[in-house]
Amino acid sequence: MAVPILVLGDTGTGKSTSLGAIPEMGIKGLNPKETAIINVKAKPLPFKGSMSAYQNNKNYAETRDPEVIVRLLHKLAEREDIKNVVVDDAQYILSGEWVDKSTRKDYDKYTEMGKHIYDIIEAGIALRPDQNFIYMSHSDLDERKGVYKIKTIGRMLDEKIVLEGLFLVVLYTNTEYDPKRKATKYSFITQTTEDRMGNTIRAKSPAGMFPELEIPNDLGLVVETIGRYYGRNQHE
């Protein structure tokens, strides 16, 4: 199985940015020659050179069709040159399908949507052992429990499956504005902690993988760290 990595956060908090090489932000990013991106929202990637690095190559696709995504994942498992497979932003798979089925009054549609997401994640996890499966989505605050979680539609994915449990690493984006520098610091949270209001952020990673609670929002750094942790020759 691949190393399954879940990246959660609100829009504008650095999820997609963490994919690209952005020297001015200190982000190394993922190697485009060994990374495939399935762009669910079909929005432009937020870093310079993304067109030539991804859109013009055979390691990029735009679709929110869950069956197409599963087929793409199966094909990418056979690509020896691909070490990182990214689904960004997976939240729109659910929201798009929900809109498509909004005229249906039955509850079976929620079961269907839940199964589609589960099938995508299972196909991602089933990638080769030398590959990383990176699933990026929005986060949501369960105010009743005071806990952050992946944003979903319906109860099946929250109560019956608990998607976070399918991933080895769960990273949450974090932003902090510095008024003196008039700049925002972007980072990933690697372990369970609390926000300023006492709400639980359920980030997780294996013991000793990331010694620090916060790391730069750089997926290049993340996959390099995972490669060293498991003794894999990752990200040349």
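Modeller: The structure holds one cavity of 30 Å³ or more. This is a predicted model, in which local features need pLDDT of at least 70 and side-chain atom pairs count only at pLDDT 80 or more, while totals for chains, interfaces and linings use all residues. Residues are numbered from 1 along each chain as its sequence is written, and side-chain values use heavy atoms, without hydrogens and water.

Biologist: What makes a space a cavity and not a pocket?

Modeller: On a 1 Å grid over the protein atoms alone, a cavity is a set of points where a 1.4 Å probe fits but cannot get out, whereas a pocket is an open set with protein on both sides within 12 Å along at least five of seven lines. The largest cavity holds about 40 Å³ of space, and the largest pocket holds about 490 Å³.

Biologist: Which residues line the largest cavity?

Modeller: Among them are A90, Q91, L94, Y135 and S137; a lining residue has an atom within 4 Å of a grid point.

Biologist: How many residues line the second largest pocket, and which lie nearest its centre?

Modeller: It is lined by 13 residues, with D142, K145, K149, D158 and E159 nearest the centre. β7 (147-150) and α5 each supply at least two residues of that lining.

Biologist: Why is L168 called partly exposed?

Modeller: Buried means under 20% relative accessible area and exposed over 50%, with partly exposed in between (1.4 Å probe, protein chains only). L168 has 31% relative accessibility, so L168 counts as partly exposed.

Methods. Grid points are joined across faces, edges and corners, and a volume is the space filled by probe spheres set on the points. Helices (H or I, at least four residues) and strands (E, at least two) are DSSP runs, numbered from the N terminus.
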